[in-house]
Amino acid sequence: MRALLRRVVRAAGQTAVLVTHSALDALVLSDRVVVLTGGRVVEHGPTREVLARPRSPFTARIAGLDLVPGLACPDGLRTPDGTVVAGRDGGLVDGEPAVAVFPPSAVAVFAERPHGSPRNVLLVRVAAIEPHGDVVRLRAAAAPGGPAWVDGLAADVTPAAVAELGAEPGALLWFAVKATEVAIHAAGATVGT
């Protein structure tokens, strides 16, 4: 249906408005996208750019990415509670509104606090377990006394890992993400022109 709709719209030389919550629909059917949250435009621009570099939690969720808001700092991004999320930035100015973005596949999950190279290690409470293709997506909620911004972060693991970790709603687990997997960019409302 997507391919047929795209052919019909293109053949007619018409502009069409499509309303969707599907990243696949947006990628296949549109050249440009406008993202609305709470009745106002939060992002707009070329579809691939907006979905590859989301600037709002809603867009990140549609694109299947994790997003942490905060301010740029020398080591990456500082969240409102002072946590530093280490990552790669595009030359942002210290104190500039920014977001840290990473795919759920980049999140390693541990039953005990890991040691080693991952610089971003967070204690989370498992909020939900969702089948996601051939993996299982673990959705996070804040652990007792932990930062609220972890709500909704996701990690993709194998079914065997779910069993090994004892992952179930309410379980406390550690999410770890290497800094090389985290892209930090400006939190501005638009991408492209």
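The following dialogue explains the terms applied to this predicted model.

Guide: In this predicted model, local features need pLDDT of at least 70 and side-chain atom pairs count only at pLDDT 80 or more, while totals for chains, interfaces and linings use all residues. Residues are numbered from 1 along each chain as its sequence is written, and side-chain values use heavy atoms, with hydrogens and water left out.

Visitor: Why is W149 called buried?

Guide: Buried means under 20% relative accessible area, exposed over 50%, and partly exposed in between, with a 1.4 Å probe and protein chains only. W149 has 13% relative accessibility and therefore counts as buried. W149 is found in the loop between strand 10 and strand 11; helices (H or I, at least four residues) and strands (E, at least two) are DSSP runs, numbered from the N terminus.

Visitor: What makes the pair W149 and D81 a polar contact?

Guide: A polar contact is a pair of N or O atoms within 3.5 Å; within protein, one must be able to donate a hydrogen and the other to accept it, and residues adjacent in sequence count only if both atoms are side-chain atoms. The side chains of W149 and D81 are joined at 3.0 Å. Contact in general means heavy atoms within 4.5 Å, and, leaving aside neighbours within four places in sequence, W149 has such contacts with V68, T79, D81, T83, V85 and L122.

Visitor: Why does T59 count as buried?

Guide: T59 has 1% relative accessibility, so T59 counts as buried. This residue lies in helix 4 (residues 57–63), and a polar contact of 2.9 Å joins its side chain to that of S56. Beyond four places in sequence, T59 touches V35, E43, V50, L51 and P54.

Visitor: How do you know that D66 has no salt bridge?

Guide: A salt bridge is a side-chain nitrogen of Lys or Arg within 4 Å of a carboxyl oxygen of Asp or Glu. The nearest side chain of opposite charge to D66, that of R139, is 4.8 Å away, and D66 is buried without a salt bridge. Lys and Arg count as positive and Asp and Glu as negative; His and the chain ends are not counted. D66, found in strand 3, has a polar atom of its side chain 2.7 Å from the backbone nitrogen of A154.

Visitor: What makes a group of residues a nonpolar core?

Guide: The group must be a set of buried Ala, Val, Leu, Ile, Met, Phe, Trp, Tyr and Cys residues joined through side-chain atoms within 4.5 Å. The largest such core here has 31 residues, and those with the most contacts inside it are V68, V109, L138, L153 and F175. Among the elements that give two or more residues to this core are strand 3 (66–73), strand 9 (120–132) and helix 5 (159–165). A second, separate core of 5 residues includes A60, L65, L67 and V101.

Visitor: How do you know that strand 10 and strand 11 pair?

Guide: Two strands pair if DSSP finds at least two bridges between them. Strand 10 and strand 11 are joined by 4 bridges and run antiparallel, with L138 opposite A155 in strand 11. By the same criterion, strand 1 (residues 32–37) and strand 2 (residues 40–46) pair, since 6 bridges join them.

Visitor: What makes strand 5 and strand 6 edge strands?

Guide: Strand 5 (84–86) and strand 6 (88–89) each pair on one side only. They belong to an open sheet of 6 strands with the order 5-4-3-7-13-6 and mixed pairing.
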